[in-house]
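Work through the exercises below with the model open beside you. Try each task before reading its solution.

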Amino acid sequence: MIEKKPAIAGNSFSGELQKTANELLQSGEVELFIGYEEGTRFPRPCFIASTDEVGKLIFDDRCTGNLAVYLTRKDLIGDKKVGITASYFALRSILRLLTEHQIQLDKLVVLTVSAEKEVIRFATTDDITAYLQTAPIPVREDDKALIEKLNAMSREERWEFWSAELSKCFKCYACRAACPMCYCTKCIVEENRPQWIQPWASTLANIEWHINRAMHMTGRCADCGACGAACPLGLPIHLLSHQIVQEVTDNFALDVNQAVSGDNALSTFKPEDKENFIK
Amino acid sequence: MSEFEPKIVAFVCNWCTYAGADLTGTSRIKYASNVKIVRFPCTGRIDFMLLLKAFAEGADGIIVSGCHPNDCHYTSGNFHARRRWVIFRGLLNFMGIDVNRIQFSWVSAAEGAKWADVVNGTVTTIRELGPYTEYRKAADYLVQQDKSIIDGQEALIKSVSSL
C-alpha cells in the first residue's frame with residue numbers, strides 16, 4: 001500500500017499519473033521512472049526507483065524542461081527499463097534520439113499528459129508523431145517578442161546585441177548539459193588537435209562555441225529552449241538553435257516534427273534545393 | 001593616402017574552381033591580386049569553422065567556390081555543402097555577422113573568365129564595405145580585458161621582484 005501525498009492544487013491529474021507509474025514499477029515493466037516533482041520555485045526532475053516515492057510525481061504546464069536529456073546518460077540508466085513523462089518538446093527529442101539510434105523503444109515507456117489531462121502511453125513512434133501533430137505547441141511569448149525585436153534591427157545592431165550578450169558567457173556548458181542532443185562523448189570544445197575554439201571565455205571564442213552548438217543542432221533541435229533555460233546568465237542562446245529550426249523549415253520544406261523523425265537535414269540533399277546567394 | 005586593399009581568402013575545391021583559377025592564369029586574364037587561394041578536395045570538406053577562422057585572423061572577405069551542381073567529382077559533395085551554407089548563412093545573418101562578405105559561387109574548370117569576375121566582383125564589394133574590424137575586435141582577447149587586471153599583474157610582478 002502506498003501512502004498518497006495530498007494532490008497539489010490544480011493538479012488533479014497527477015493522481016492518474018502516479019497510479020500509472022505505480023503500476024509500471026510494481027509490475028517491473030520499468031525499473032526507473034523519470035518525472036517531475038515539486039521544487040522550490042519550479043518543478044524539478046525526479047528519479048523514482050521504488051513505488052514508495054511515486055506520490056511525488058506531478059505533471060503540469062510548468063513542467064517544460066526536457067527530461068529526454070537523461071535517456072542517454074549511461075551512468076544513470078545503464079541497462080534499466082525506463083519510464084518517462086515527456087513534455088511536448090521532450091517527445092520531439094525522443095523521436096530524434098530514436099532516429100539516431102541512441103535509445104531503444106523496447107526499453108522505454110513514454111508517457112505524457114494531454115491538454116485534456118489524460119495520461120497517454122505511446123506504443124510506437126507513429127503514435128508520438130501523430131500526437132505531436134495534433135497537440136497544441138507550447139508557445140513562449142517572451143521569445144516571440146525578442147525575435148521580433150531582433151528581426152527589426154539592422155545587421156549592425158544585431159551584431160552589437162549578440163556580441164554583448166555572448167561576451168558574458170563564461171563557458172560553463174550548462175547549455176550543453178541540458179540538451180538531449182548533446183550526447184557526444186567528445187565535444188568539439190574538448191578537442192585540441194586542432195583547437196577549433198579557444199578554451200577561454202573571450203567574446204570570439206564564445207561566439208564560435210555558440211555558432212558550433214547551433215550548427216550541430218541542424219535538423220535535430222526540438223526547439224525546446226532547454227539550453228536557454230539552463231543558462232545561469234539567462235542569455236537567449238536558445239534563439240540561435242530556434243533560428244536554425246526556422247532555416248530548416250523555410251529552406252528544406254521540413255517542419256520540425258518531420259525533421260526530428262525523418263532524414264537528417266544536412267547529410268541528405270535534394271538536387272532542386274533552392275538558394276539565391278550563389279553566383 | 002593609400003587605398004584600402006582588402007584581404008580575401010578563397011576556399012575552393014580541387015576539381016573545378018582550382019582548375020578554373022589555373023585556367024584564368026594560363027589564359028593570361030588579369031585579376032585582383034588580393035585573393036589567397038586555399039585548395040580543398042571538395043566543397044563538402046569546407047568546414048564552416050574555417051570561414052570563421054579566416055575572419056578572426058584578418059580576412060575582410062571570403063570566397064567559397066566549387067563545382068556546379070551535378071558536376072561534383074564525388075557526386076554529391078557540393079549538394080551537401082550547399083545545404084550547410086544555406087543554414088550557416090541564415091545563422092550568421094541572425095547574429096549580425098556580415099554575410100555580404102562571403103561570396104559563394106560555382107566556377108567550373110572551364111570558367112577561367114568567370115573566376116576573374118568572381119574575384120574582381122568580391123574585391124569591389126569588400127573595398128566598399130571596408131575592413132572587417134568589427135569581427136576582429138571580438139577576436140582580440142587582450143584588448144577586451146580590463147586594463148586594470150594587466151596593471152595589477154604588473155604591480156604584483158614588480159613587488160615580487162623587489163623583494
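The exercises cover the sheets, a helix pair, the domains and the chain contact.

This is a predicted model: local features need pLDDT of at least 70, side-chain atom pairs count only at pLDDT 80 or more, and totals for chains, interfaces and linings use all residues. Residues are numbered from 1 along each chain as its sequence is written, while chains are lettered from A and ligands numbered from 1 in the order in which they are written.

**Exercise 1. Find the strand order of the open sheet in chain B, then its edges.**

Step 1. Identify the elements: helices (H or I, at least four residues) and strands (E, at least two) are DSSP runs, numbered from the N terminus. Two strands pair if DSSP finds at least two bridges between them.

Step 2. Read the order. Four strands of chain B run S2-S1-S3-S4, with parallel pairing.

Step 3. Name the edges. Strand S2 (35–40) and S4 of chain B each have a single partner strand, so one side of each has no neighbour in the sheet.

Step 4. Neighbouring strands are turned by 20 degrees against each other on average, direction ignored.

Step 5. Check one pair. Strand S1 (residues 8–13) of chain B joins S2(B) in the parallel sense through six bridges. There, B:Ile8 stands opposite B:Val35 in S2(B).

**Exercise 2. Describe the open sheet of chain A.**

Step 1. Five strands of chain A follow the order S2-S1-S3-S4-S5, and the pairing is mixed.

Step 2. Strand S2 (44–48) and strand S5 (119–122) of chain A are the edge strands, each pairing on one side only.

Step 3. From one strand to the next, the twist averages 25 degrees.

Step 4. Strand S3 (residues 82–85) and strand S4 (residues 108–113) of chain A pair in the parallel sense over four bridges. A:Ile84 faces its opposite, A:Val110, in S4(A).

**Exercise 3. At what angle do H6(A) and H8(A) pack?**

Step 1. Axes are lines fitted to C-alpha atoms, for helices over the stretch in contact, and angles run from 0 to 180 degrees between N-to-C directions.

Step 2. Helix H6 (residues 155–167) and helix H8 (residues 203–215) of chain A pack at about 100 degrees, with axes 8 Å apart.

Step 3. H6(A) and H8(A) are therefore roughly perpendicular (65 to 115 degrees).

Step 4. List the contact residues, counting two residues as in contact if their C-beta atoms, placed from the backbone, lie within 7 Å. H6(A) gives A:Ser163, A:Leu166 and A:Ser167; H8(A) gives A:Thr203, A:Asn206, A:Ile207 and A:His210.

Step 5. Sort by class. Ala, Val, Leu, Ile, Met, Phe, Trp, Tyr, Cys and Pro count as nonpolar, Asp, Glu, Lys and Arg as charged, and the others, Gly among them, as polar. The contact has two nonpolar, five polar and no charged residues.

**Exercise 4. How do the domains of chain A meet?**

Step 1. Domain 1 spans 14–134 and domain 2 spans 141–261; such bounds come from an automatic or database domain assignment.

Step 2. Their C-alpha centres lie 26 Å apart.

Step 3. In the contact, 17 residues of domain 1 meet 15 residues of domain 2.

Step 4. On the side of domain 1, helix H3 (88–99) and helix H4 (125–134) of chain A give two or more residues each. H3(A) gives the largest share, seven residues.

Note on methods:
Parallel < 35°, antiparallel > 145°, perpendicular 65-115°, else oblique.
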